[in-house]
Amino acid sequence: MGMSIQNRSVLYKTTEPVLVPEGVYEAELVGVKDFSNAFGLVFRITTGQHEGVELMESAAVSTSPRGKLIELMRGMGGAGHPVELVGQHCQITVKHESNKVGKRYAAITQTFR
């Protein structure tokens with residue numbers, strides 16, 4: 001998927017981004033971003049119309065067995081550090097959610113094999 005370059009006239013438009021439709025997708029964990037109190041799991045869709053699109057889901061570091069990070073890792077069949085799962089193929093469930101200011105985004109709510 002190519003990157004688009006925006007000129008000034010486009011930069012200031014407030015258009016809604018085109019989101020990956022809600023649903024289940026075949027994906028691969030291609031990266032893990034380490035933030036101060038969370039990890040960002042980067043998944044790339046591997047088949048279909050949206051092949052190559054990357055989505056990131058952030059999850060706080062938590063010791064709770066019901067924490068989001070642990071749930072996402074468990075769905076991929078792993079435990080330990082998220083970096084150990086890079087390269088794993090799984091299925092992801094995508095749902096549209098809104099952040100605190102009302103901006104919509106495609107969230108990864110579940111992983112499974």
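Me: Which residue just after α2 takes a positive phi?
Reply: The residue is G77, with a phi of about 85 degrees. The model is predicted, local features need pLDDT of at least 70, side-chain atom pairs count only at pLDDT 80 or more, and totals for chains, interfaces and linings use all residues. Residues are numbered from 1 along each chain as its sequence is written, and side-chain values use heavy atoms, with hydrogens and water left out. Helices (H or I, at least four residues) and strands (E, at least two) are DSSP runs, numbered from the N terminus.

Me: Why is A59 called buried?
Reply: A59 has a relative accessible area of 1%. Buried means under 20% relative accessible area, exposed over 50%, and partly exposed in between (1.4 Å probe, protein chains only); therefore A59 is buried. A59 is found in strand β3.

Me: Why does T93 count as buried?
Reply: The relative accessibility of T93 is 10%, so T93 falls under the 20% limit and counts as buried. T93 belongs to strand β4 (residues 89-98).

Me: What is A59 in contact with, leaving aside its neighbours within four places in sequence?
Reply: Contact means heavy atoms within 4.5 Å. With those neighbours left aside, A59 is in contact with A38, F39, K68 and L69.

Me: What puts the buried residues of α2 on the same side?
Reply: In helix α2 (residues 68-75), the buried residues are L69, L72, M73 and G75. They cover an arc of only 160 degrees around the axis, so they lie on the same side of α2; the arc is that of the directions from the helix axis to the C-beta atoms. These residues pack against β2 (38-45), β3 (54-60) and β5 (104-112).
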